[in-house]
Amino acid sequence: MPAPVSQPDDPALLRIEGPIATITLNRPAAFNSINLAIAQKLEQLAATIEGDDAIKVVILEGAGRAFSAGGDLQTIGAAAEANTVTPVVGELLKHYHSFIEIIRRMPKISLSSVHGSAAGAGMGLAFVTDLCIAAEDAKFTPAYAKIGVSPDGGSTVGIVGTVGARRALQIFLTEDNFTAKQALEWGLVAKIVPATELKAATRQLAERLAQNAPAAIAGTKSLVYAAATTPVKRQLDAEEHKIIMAMNTEQFRVAVKKFTSKSK
């Protein structure tokens, strides 16, 4: 299936360069806040990427001054006033959460590239990806407790498994915001770079990740996410299955031959 051609005014843009796909949140005037249109577009783009075997790495970035301000409070506030929160927010999250499910299950590495503000569901998006690289000026704002709601948009999916329950409660209930440096210390961010170097550093990291064989990426990702909730015997069986699958690929045969020839 050919990738959809992005138009300049699309709420999210897709660019494919070799094994690397880049999704750009494209509502800069609204700080890339998530409304129904962007949620539907993200779901569509993720499905396209999932079905393209040539893509190994997916970068998520935001246009303009922010990564993402989270849910579009203009839309959500209007729904609250009209007593239509359930259908309006339910429809929005149906598509947005479907996008997140695809990102988490696809046998490709997802990498968020964060600058400026990442708030609410935007913060969740930054950390629901497999890895996150951030500019030094990036600021993460939970935002949920301040408006009397619980987290959504994959926020608990990406954060709790990384920092644990106690730190997650601290983040969601007591932190007004936290810096890229704190996120690095907590294991949420893999690397911090100056803002002017973010795009180049993101590309460099994506290219390094893309050097991995598809079977290695797919097997490692599925095993890592299953490890916390899978009984030991079943996890070991899965490890056996995945590594044997990978060893039956041409990439493995070439790599191991190269390695063994060096050791002689």
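Biologist: Leaving aside neighbours within four places in sequence, which residues is F127 in contact with?

Modeller: This is a predicted model, in which local features need pLDDT of at least 70 and side-chain atom pairs count only at pLDDT 80 or more, while totals for chains, interfaces and linings use all residues. Residues are numbered from 1 along each chain as its sequence is written, and side-chain values use heavy atoms, with hydrogens and water left out. With those neighbours set aside, F127 is in contact with C132, F140, G158, I159, F178, A183, L188 and V189; contact means heavy atoms within 4.5 Å.

Biologist: What makes a set of residues a nonpolar core?

Modeller: The members are buried Ala, Val, Leu, Ile, Met, Phe, Trp, Tyr and Cys residues joined through side-chain atoms within 4.5 Å. Buried means under 20% relative accessible area, exposed over 50%, and partly exposed in between, with a 1.4 Å probe and protein chains only. The largest such core here has 47 residues, of which F99, F127 and F140 touch the most other members. Another core, of 15 residues, lies apart from it and includes I20, I133, A206 and A210.

Biologist: Why are α4 and α5 called oblique to each other?

Modeller: The axes of α4 (residues 121-128) and α5 (residues 155-163) cross at roughly 55 degrees and come within 7 Å. Angles under 35 degrees count as roughly parallel, over 145 as roughly antiparallel, 65 to 115 as roughly perpendicular and the rest as oblique. The two helices are therefore oblique. The axes are lines fitted to C-alpha atoms over the stretch in contact, and angles run from 0 to 180 degrees between N-to-C directions. Helices are DSSP runs of H or I with at least four residues, and strands are runs of E with at least two, numbered from the N terminus.

Biologist: Which residues make the contact between α4 and α5?

Modeller: M123, G124, F127 and V128 of α4 meet S155, V157, G158 and I159 of α5.

Biologist: Why does N83 count as exposed, and where is N83 placed?

Modeller: The relative accessible area of N83 is 70%, so N83 is exposed. N83 lies in the loop between α2 (73-81) and α3 (85-105), and its phi is near 55 degrees, a positive value in a residue other than glycine.

Biologist: Why does A143 count as partly exposed?

Modeller: The relative accessibility of A143 is 31%, and therefore A143 counts as partly exposed. A143 is found in the loop between β7 (139-141) and α5.
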